[in-house]
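The sequence and structure come next.

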Amino acid sequence: MACRISELVVDCADPERLAAFWSEVLGYVEFDREDDGSIAIGPPGAGFGGPQPVLVLSPSDDPRTGKLRLHIDVNATDRDQDAELERLLALGARPVDVGQTGAESWHVLADPEGNEFCLLRARLRPL
């Protein structure tokens, strides 16, 4: 038997802000708060252990010191890539240059705290 990814933990300066952003991006809802200020968000009605991993936004004062070693890729489920790009930018994402050539089929973006993620071209079926 193999493992499954159950949580992705993101250290951040403002868990409230990132929880709101990623909830809108992914259609997630808040389902837990810890005493340390961490906020867990996940698919409605599923939460921890469901078919998709939850995000835990964990407060941290540590400064980021370079490129992330892990990033999130997202795919639209109900619109094409251009329409989803417009939606993500309206939510507060911003384009980021990490050395791409311009010929890529994906867009590199950053969330409100500068964490890079990619919007891929392929549309996925909703779960």
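In this predicted model, Phe21 and Phe117 are both buried. For Phe21 the relative accessibility is 4%, and because buried means under 20%, the residue qualifies. Trp22 is buried as well, at 4% relative accessibility.

How are the rings of Phe21 and Phe117 arranged? They form an edge-to-face aromatic pair, with 6.2 Å from centre to centre and 65° between the planes. Phe21 belongs to helix H1 (residues 15-26), whereas Phe117 belongs to strand E8 (residues 116-119), so their pairing ties together parts that lie 96 residues apart in sequence.

A pair of aromatic rings is described by two quantities, the distance of the centres and the angle of the planes. The count of aromatic pairs in the model is three. Phe21 and Trp22 make one of them: their ring centres are 5.3 Å apart and their planes stand at 85°, so this pair is edge-to-face, the class for angles over 60 degrees. Two pairs are set out below.

| Pair | Centre to centre | Angle between planes | Class |
|---|---|---|---|
| Phe21 and Trp22 | 5.3 Å | 85° | edge-to-face |
| Phe21 and Phe117 | 6.2 Å | 65° | edge-to-face |

Together, Phe21, Trp22 and Phe117 form one aromatic cluster.

In soluble globular proteins, nonpolar side chains tend to be buried together. Here the largest nonpolar core has 19 residues, and the members that touch the most other members are Trp22, Ile41, Leu57, Leu88, Leu109 and Phe117. At least two core residues come from each of these elements: strand E1 (7-12), H1, strand E3 (39-42), strand E4 (54-59), helix H2 (81-91) and E8. H1 supplies the largest share, five residues.

Leaving aside residues up to four places away in sequence, Leu57 touches Val10, Cys12, Pro15, Leu18, Ala19, Gly37, Ser38, Ile39 and Ile41.

Cys12, one of the residues that Leu57 touches, is buried, with a relative accessible area of 2%. Cys3, in contrast, is exposed at 80% relative accessibility, because exposed means over 50%.

A disulfide is a covalent bond between the sulfur atoms of two cysteines. How many disulfides does the model contain? The count is zero. For Cys12, the closest cysteine sulfur is that of Cys118, 20 Å away, which is too far for a bond because the sulfur atoms would have to lie within 2.5 Å.

Conventions. Residues numbered from 1 in each chain as written. Predicted model: local features only at pLDDT ≥ 70, side-chain atom pairs only at ≥ 80, totals over all residues. Heavy atoms only, no water. Phe/Tyr/Trp six-rings, centres within 6.5 Å; stacked < 30°, edge-to-face > 60°. Buried < 20%, exposed > 50% of the residue type's maximum accessible area, 1.4 Å probe, protein only. Helix = DSSP H or I, 4+ residues; strand = E, 2+ residues; numbered from the N terminus. Core = buried A, V, L, I, M, F, W, Y, C linked by side-chain atoms within 4.5 Å. Contact = heavy atoms within 4.5 Å.
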